[in-house]
Amino acid sequence: MRQFLAGISNCPTALSVALLAVAVALLAVAMAPSSPDVALSDASGSGALTSAAPPTPACGSNELELHEPSPDSEPGCATAQRTPAEVAEARAYLIETASPGYTMTLQGAELAIGRLHPEFAVRLENAIREARSAGLPSAGVFSAYRPPAFGVGGFSDKFNSLHTYGLAVDMRGIGNPGSPEAQLWHQIAAKNGVVCPYGPRDHAEWNHCQPTSVKIISAQNPLRETVSSAGPFDLESMFEAGNPIIEDMASAADSLSRAAPTPVRALEANADGLKPIRHLAASRNTKRNSPAATRRVAAKSVAHAKPNSPAARQRVAAKSEPHAKPGRRVGGAPTVAVEEARRKSKSGAGVALNRRAHRAAARET
């Protein structure tokens, strides 16, 4: 022992260093957090500082159904940057599996799907892959991006539609409204972060899906400033403006329980601050005073006129007019070219879209 103490006394510097090392070790143990998840081997202490940081608040909550985010709000946490390779692969798969409808055919599938928000495209790819392996082999996009100038969709103001901003698609190959196939698709979609906000039983919108529960883009939304009637001014600006309304995965997964059919007219009325019943009353008055209604009343009065009255003579002249020979005058008036008008009507002259195109466009919501 004496020799040990003597050795220590002869090495004061070594003793000081040893005591200092012990003190530092004890201090580190005392200050370390009690959580077993924190690694004690991190000499810099960065692990402890990171674990103490407050958790990131959830984004994409249910409030999105009622309130749109303000322009100053932080971007949604669901909008983490996807790699270019990841987005390119998703778009290629969506194009490969698409069943193009009217507007997608007009633009080309590459353009219509190329304007979908990158985050939405990746989520949609994952949902369709899973759906096809789960018993929906024909699941695919029917309608994707479409500009307001096409005039297609349920909203009277096409800038209300999320299709205008690359934030919505219509699906095909998911069965009819209320079918087991439709319900299966809605479950798979929600699981993969794709929201189908109207539910699987809505007869008009059961196949409409998007990355958010927001159903209408109001006039105050910053997205409105990123597009014209012909399309986006700049794709990246449009995508960036859409980031705040994209829901996080957890909120999207819960969206199926919140899905509910909502008439488009009710959405428009709420967005404009109008009452639907007032709009309906105005519509009825308009119909009652329309030119068609005026002509109908006039025709009834002529039909019930007395036999020798001017109205009765006018009725007889009108009946004989279609049977007159070309070029003849009936009742002092030139013959109306009824057959030519019918031929023009049948040929569709002056109509921008034929009947088949109208039917195809009417299926896009």
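The structure is a predicted model. Its mean pLDDT is 72, and 53% of the residues reach 70 or more.

**Confidence**

- Over residues 4-17 the pLDDT falls below 50, and the model gives this stretch one contact beyond near neighbours in sequence.
- Residues 274-289 likewise have a pLDDT under 50, with five contacts beyond four places in sequence.
- Where pLDDT is low, the predicted coordinates should not be read in detail.

**Sheet and the helix across it**

- An open sheet is formed by three strands in the order β1-β2-β3, with antiparallel pairing.
- β1 (140-143) and β3 are the edge strands; each has a single partner, so one side of each is left without a neighbour in the sheet.
- Three bridges join β1 and β2 in the antiparallel sense, and Val141 has Met171 in β2 as its bridge partner.
- Helix α7 lies across β1, β2 and β3 and runs at about 15 degrees to β2.

**Nonpolar cores**

- The largest nonpolar core has 29 residues, of which Leu124, Val141, Val169, Met171 and Trp185 touch the most other members.
- Two or more residues of this core come from each of α4 (84-97), α6 (109-114), α7 (118-133), β2 (169-172) and α8.
- The element that gives the most to this core is α7, with six residues.
- Beyond four places in sequence, Trp185 is in contact with Leu124, Ala127, Ile128, Ala131, Leu136, Met171, Ile174, Cys196 and Cys209.
- A second, separate core comprises 13 residues, including Leu162, Ile217, Met238 and Phe239.
- In soluble globular proteins, nonpolar side chains tend to be buried together.

**Arg123**

- Arg123 is found in helix α7 and is buried, because its relative accessible area of 2% lies under the 20% cut-off.
- The side chain of Arg123 makes a polar contact with the side chain of Glu119, at 2.7 Å.

**Pro200**

- Pro200 is placed in the loop between α8 (180-191) and β3 (208-209).
- With a relative accessible area of 11%, under the 20% cut-off, Pro200 also counts as buried.
- Leaving out residues up to four places away in sequence, Pro200 touches Pro177, Gly178, Ala182, Gln183, His186, Trp206 and Leu256.
- A distance of 9.2 Å separates the C-alpha atoms of Pro200 and Glu181, which are 19 residues apart along the chain.

Methods: Residues are numbered from 1 along each chain as its sequence is written. This is a predicted model: local features need pLDDT of at least 70, side-chain atom pairs count only at pLDDT 80 or more; totals for chains, interfaces and linings use all residues. Side-chain values use heavy atoms; hydrogens and water are left out. Helices (H or I, at least four residues) and strands (E, at least two) are DSSP runs, numbered from the N terminus. Buried means under 20% relative accessible area, exposed over 50%, partly exposed in between (1.4 Å probe, protein chains only). Contact means heavy atoms within 4.5 Å. A nonpolar core is a set of buried Ala, Val, Leu, Ile, Met, Phe, Trp, Tyr and Cys residues joined through side-chain atoms within 4.5 Å. pLDDT is the predictor's confidence in each residue, from 0 to 100. A polar contact is a pair of N or O atoms within 3.5 Å; within protein, one must be able to donate a hydrogen and the other to accept it, and residues adjacent in sequence count only if both atoms are side-chain atoms. Two strands pair if DSSP finds at least two bridges between them. Axes are lines fitted to C-alpha atoms, for helices over the stretch in contact, and angles run from 0 to 180 degrees between N-to-C directions.
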